[in-house]
Amino acid sequence: MQKLAIGIIGCGGIARDRHLPTLQSLNDEVTITAVQDINIDVAKAVATEFDIETVVTNYHALFPLVDAVMICTPNKFHAEIAIAALDAGVHVFCEKPMAMNQYECEQMIDAKNRAGKCLAIGYHYRFTDAAQTAKKAIDNGVVGDSLVTRVQALRRRKVPGWGVFTNKTLQGGGSLIDYGCHLLDLSLWLLNDAKPVEIIGKTYNRLSKSPTQINDWGPFDHEQFEVDDHVTSYITFEDGSSLQFECSWSANIKEDTRTLSISGVDGGINLYPFEIYQPRFGTFFVEQAYAAHDEKIAAQRQTHNFIRSCLGKETLVVQPEQAQNINKIIDAIYRSDDESASVRIN
Ligand SMILES: NC(=O)c1ccc[n+]([C@@H]2O[C@H](COP(=O)([O-])OP(=O)(O)OC[C@H]3O[C@@H](n4cnc5c(N)ncnc54)[C@H](O)[C@@H]3O)[C@@H](O)[C@H]2O)c1
């Protein structure tokens with residue numbers, strides 16, 4: 001069977017903890033050919049740990065060696081590297097968020113169209129059992145026309161203080177662009193790419209700027225904290241439905257909470273835990289299913305879908321145009337907060 005030669009760009013947490021072990025487990029379909037990191041010692045350590053032959057110092061040097069790359073760098077470099085790879089004729093898997101803003105996403109999509117190669121974005125929540133089951137149920141009419149979607153992606157005290165996650169110039173934002181984006185992507189996918197028309201957003205960061213706050217994920221520099229740690233938003237769609245959204249890295253709440261529920265005309269669905277609500281036979285049914293949110297399984301399916309799409313055997317589950325729409329929403333939420341006004345989307 002034809003194997004895909006793949007290279008990794010950016011050898012930090014997500015590459016080491018998720019993508020490299022996942023790729024190794026799919027070694028009948030893929031070969032990890034080479035790695036690159038701006039920090040050569042990090043790249044060399046990863047190459048030794050995962051038994052990878054080639055380390056290159058410049059990502060351009062990777063392209064002639066591989067069929068595909070996985071971009072696992074801070075957000076600021078996603079667009080630049082993806083465009084260079086696509087222009088060199090290489091398939092791209094880019095970690096989420098797709099880029100810093102919708103305009104960079106547009107340039108990445110132009111490059112994908114020029115190259116005729118795959119451009120996948122790492123919204124792996126779609127590949128969990130909970131998401132896949134919800135999608136099937138919704139496509140089978142369980143919810144009917146959606147009315148109100150409620151989303152919460154709340155961490156109580158989990159600011160990622162390592163790397164550059166709290167640096168606005170390198171990441172473009174905080175809890176929203178880093179964590180909330182997953183639930184936004186999942187919601188829009190389940191809502192069949194509903195078109196947002198008006199967005200109001202509010203961002204906060206007073207907790208993380210305060211030196212007395214505790215953090216379950218270790219200490220970080222409160223003075224250098226430049227991004228949002230809590231965001232709320234209200235989104236209305238062209239079909240009249242709405243989405244109430246909240247995400248946080250740090251909040252004074254009882255515990256971490258993940259919610260995605262859709263209430264529609266014919267029924268309702270809740271992903272965490274997985275439940276379906278429907279009136280039937282003159283009474284109200286609450287049905288539960290074992291459809292879990294297992295990110296390890298999701299990562300495996302996501303990578304498999306990328307490999308098979310590069311080989312022309314499948315279609316990408318996460319299309320870059322959908323990922324660009326998530327950046328459009330994020331841009332609008334940040335703009336709404338800056339301007340203290342709602343933002344209309346064309
Ligand atoms: N899908 C998910 O749930 C998920 C989870 C974590 C991170 N991510 C995404 O993955 C990306 C990386 O996150 P991370 O947690 O691995 O961060 P990290 O800080 O642990 O690692 C980033 C690595 O990129 C390297 N790097 C920085 N600039 C570079 C450049 N220009 N060229 C090459 N290498 C460069 C750094 O030296 C570092 O080793 C981010 O975009 C983040 O949003 C996604």
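Which hand does the crossing of helix 7 and helix 10 have? In this predicted model, the crossing of the two helices is right-handed. Two packed helices are described by the angle between their axes and the distance between the axes. For helix 7 (residues 175-190) and helix 10 (residues 320-339), the angle is about 125° and the axes lie 10 Å apart. That angle makes helix 7 oblique to helix 10. On the side of helix 7, the contact is formed by Leu176, Ile177, Cys181, Leu184, Asp185, Leu188 and Trp189. Their partners in helix 10 are Gln322, Ile326, Ile329, Ile330, Ile333 and Tyr334. Sorted by class, the residues of this contact comprise 11 nonpolar, one polar and one charged.

Helix 1 (residues 13-25) also packs against another helix, helix 9, at an angle of about 65° and with the axes 10 Å apart. The crossing of helix 1 and helix 9 is right-handed. Arg18, His19, Thr22, Leu23 and Ser25 of helix 1 touch Glu295, Ala299, Gln300, Gln302 and Thr303 of helix 9. Here the classes are two nonpolar, six polar and two charged residues.

A further helix pair consists of helix 3 (residues 78-87) and helix 4 (residues 102-115), whose axes come within 9 Å and cross at roughly 10°. Helix 3 and helix 4 are therefore roughly parallel to each other. Helix 3 contributes His78, Ala79, Ala82, Ile83, Leu86 and Asp87 to the contact, and helix 4 contributes Glu104, Gln107, Met108, Ala111, Lys112, Arg114 and Ala115. The contact of helix 3 with helix 4 has seven nonpolar, two polar and four charged residues.

Aromatic rings were examined next. The count comes to seven aromatic pairs. One of them joins phenylalanine 93 and phenylalanine 306 in an edge-to-face arrangement, with 5.7 Å from centre to centre and 65° between the planes. Phenylalanine 93 belongs to strand 5 (residues 91-94) and phenylalanine 306 to helix 9 (residues 295-310), so this pair ties together parts that are 213 residues apart in sequence. Both phenylalanine 93 and phenylalanine 306 are buried.

Tryptophan 162 and tryptophan 217 form another aromatic pair, which is tilted, with the centres 5.6 Å apart and 45° between the planes. Tryptophan 162 is in the loop between strand 7 (146-154) and helix 6 (168-171), whereas tryptophan 217 is in the loop between helix 8 (206-209) and strand 9 (230-237), so the pair ties together parts that are 55 residues apart in sequence. The relative accessibility of tryptophan 162 is 46%, and this residue therefore counts as partly exposed. Tryptophan 217, at 34% relative accessibility, likewise counts as partly exposed. Ring pairs link Trp162 and Trp217 with Phe165 into a cluster.

The loop between helix 8 and strand 9 also holds threonine 212. Threonine 212 has a relative accessible area of 67% and is exposed. Between threonine 212 and histidine 222, the separation is 10 residues in sequence and 9.1 Å in space, taken from C-alpha to C-alpha.

The backbone was then considered. Most residues other than glycine have a negative phi, and most peptide bonds are trans. The peptide bond from lysine 96 to proline 97 is cis, with omega near -10°. Proline 97 is located in the loop between strand 5 and helix 4. Tyrosine 272 and proline 273 are likewise joined by a cis peptide bond, with omega about 0°. Proline 273 is placed in the loop between strand 12 (268-270) and strand 13 (275-280).

Positive phi values occur at aspartate 193 and phenylalanine 281, neither of which is a glycine. For aspartate 193, phi is about 60°. Aspartate 193 sits in the loop between helix 7 and strand 8 (196-204). With 35% relative accessibility, aspartate 193 counts as partly exposed. For phenylalanine 281, phi is about 50°. Phenylalanine 281 sits in the loop between strand 13 and strand 14 (283-288). The relative accessible area of phenylalanine 281 is 74%, and the residue is exposed.

Technical notes:
Residues numbered from 1 in each chain as written. Predicted model: local features only at pLDDT ≥ 70, side-chain atom pairs only at ≥ 80, totals over all residues. Heavy atoms only, no water. Axes fitted to C-alpha atoms, helices over the stretch in contact; angles between N-to-C directions. Helix = DSSP H or I, 4+ residues; strand = E, 2+ residues; numbered from the N terminus. Parallel < 35°, antiparallel > 145°, perpendicular 65-115°, else oblique. Left-handed = near helix turned anticlockwise from the far one by under 90°. Contact = heavy atoms within 4.5 Å. Nonpolar A, V, L, I, M, F, W, Y, C, P; charged D, E, K, R; others polar. Phe/Tyr/Trp six-rings, centres within 6.5 Å; stacked < 30°, edge-to-face > 60°. Buried < 20%, exposed > 50% of the residue type's maximum accessible area, 1.4 Å probe, protein only.
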